[in-house]
Amino acid sequence: MDPFYDPALSYEQNYVRGPFGVFVEPVADGPMLAGDPAHRFVGIPVRTPFGIPAGPLLNARFAAAAFAHGFDVCVYKTVRTRAHACHPFPNVLAVHVDGDLTPERARRPLVADDDFAEPRSISNSFGVPSRDPDRWQPDMAAAVAAAATGQVLVGGFQGTKGDGGAGAYVADHVRAARLVVETGAPVLELNLSCPNEGTSALLCFDVPRVRRILEAVKEEIGDVPLLVKLAHFPDNDALRTLVAATATLVAGYSAINTIPARLVTPGGAQALPGRDVSGVCGAAIRWAGLDMVRRLARARDDLGHDVAIVGVGGVTTPADVLALRAAGADAVMSATGAMWNPNLGHEVRAVL
Ligand SMILES: Cc1cc2nc3c(=O)[nH]c(=O)nc-3n(C[C@H](O)[C@H](O)[C@H](O)COP(=O)(O)O)c2cc1C
C-alpha cells in the first residue's frame, strides 16, 4: 500500500500536497459512525485508545484523514514557539536491521536506502520543523475540530534552546504549552526525546531540568492533561527516578521515540546530508517499546501513581496493539505501521 506520507517528496511537498494514498480516498462509513466511546484516555471518552503518535500527521488535513480512517487518538506533529527549518531532504529512508535494534546493534552503522520492504524499519530525520505560531495555531485548531465523538487530538510541542540560558529555555516550553492550549487541544504532549536535534544528551535523561520545566508548564496549563514523550531508557533506575520525580506533574508517559543510529549508504558513505545520526523506528524497535511499557507499568504500580502509559514503537498489527495493552499500555500508537497501512485504525477497532 502507498504510504500517506511520501518519502520520495520533501517535507514541504508532503505538507502542502499530502496526505496521499488511502488517506485521500472517500471513507465509506465516516468517522461519525464511530459508535459509542467504550474507553477512556486520560479521562476523555474515546472509541478506541489507539492512534498515531507525533510525526506523520503534519497538519490538519493529515489529522482529519487519520480520524476519518478510524485512528481515534492522534498527535499533531511537534510544534515550536517560532518557525524552524526542516533538515535537508531526504527525511525518511528505509533502514536495514537484521532483527532488533538493540543498544549494542545501534553502536554500529546501519545501511539506509529507499527499499521500504517488510519487516519495515525506517529512519526519520526532520529536526522538528515548525511554522510560526501564527500559522500553526489556526491549523492545530482545525485538527482539534476534525475529531469526531470518541476521538481526541493531542497537541505536540517542544521547547527550543536559544541564547538566553536555562531560564529562557524553561520559559520557551511554557510559552509553547500556552500556545497549544489556545488552539483548544484537549491534551498536550511535550516531546522530551528528539534524537534529531543535533545533541546526544536527550532532555528526558536530565531529571532535574525536566522537573523544572514540568513544574512551570503545569503552573501555566492547570488541569489540561499533559503527556511527556520519552526515549527508551536502558537504565531502569534512571527511569524510576524520572517517574518518581514527575508522576504528580503529568497525566502520562508516551514511549518510545526513535532510537538513534548512524546511517550509511549501501556503499558505506554517510546516508544523510549534514547529519550522520538519525532516529530509527518501525519493526526493529518493537522490542524497546514493549520493554519500556512493561517497566513504566511496574514503576507506576510500585510507586503508586495514577498515570497513563501510551505504548509506541514498532506497532504494525492489531496483535502488536494487544501485546502492548497486556504489558500495561492504556493507549497505543503507530507511526511507521500506520503510514504504510492506513487501514490499521479500522483493523484495531475490530479487536479493541
Ligand atoms: C515521519 C515521522 C516523523 C516523526 N516526528 C516526530 C515528532 O515531530 N515528534 C515526536 O515526538 N516524535 C516524532 N516521531 C516519532 C514517533 O512519534 C514514534 O515515537 C516513533 O516513530 C516510533 O513509533 P513507530 O515505530 O510506530 O514508528 C516521528 C516519526 C516518524 C515516522
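Strand 4 gives the most to the lining of the second largest cavity, with 4 residues. This is a predicted model. A search of the whole structure turns up 2 cavities of 30 Å³ or more. Strand 4 is also one of the elements that pack against the buried residues of helix 4.

**Second largest cavity**
- Its volume is about 80 Å³.
- The lining residues are Y11, Y15, L58, Y76, K77, T78, V79, P129, S130, R131 and W136.
- Helix 1 (11-17) and strand 4 each supply at least two of the lining residues.
- By class, this lining holds 7 nonpolar, 2 polar and 2 charged residues.

**Largest cavity**
- The largest cavity has a volume of about 440 Å³.
- Two or more lining residues come from each of strand 4, strand 7 (121-124), strand 13 (277-282) and helix 9 (336-340).
- Helix 9 gives the most, with 3 residues.
- The lining has 35 residues, and A54, G55, N124, N257 and T258 lie nearest the centre of the cavity.
- These lining residues divide into 19 nonpolar, 14 polar and 2 charged.

**Helix 4**
- Helix 4 covers residues 165-182, which is 18 residues.
- At 1.5 Å a residue the helix should span 26 Å, and its end C-alpha atoms are 26 Å apart, so the two agree.
- Y169, V170, D172, H173, V174, A176, A177, L179 and V180 are buried in this helix.
- The buried residues pack against strand 4 (73-79), helix 3 (133-146), strand 8 (152-157), strand 9 (187-191) and helix 5 (207-221).
- G184 follows helix 4 and has a positive phi, near 95 degrees.

Definitions and conventions: Residues are numbered from 1 along each chain as its sequence is written. This is a predicted model: local features need pLDDT of at least 70, side-chain atom pairs count only at pLDDT 80 or more; totals for chains, interfaces and linings use all residues. Side-chain values use heavy atoms; hydrogens and water are left out. The expected span of a helix is 1.5 Å times one less than its number of residues. Buried means under 20% relative accessible area, exposed over 50%, partly exposed in between (1.4 Å probe, protein chains only). Contact means heavy atoms within 4.5 Å. On a 1 Å grid over the protein atoms alone, a cavity is a set of points where a 1.4 Å probe fits but cannot get out, and a pocket is an open set with protein on both sides within 12 Å along at least five of seven lines; lining residues have an atom within 4 Å of a point. Grid points are joined across faces, edges and corners, and a volume is the space filled by probe spheres set on the points. Ala, Val, Leu, Ile, Met, Phe, Trp, Tyr, Cys and Pro count as nonpolar, Asp, Glu, Lys and Arg as charged, and the others, Gly among them, as polar.
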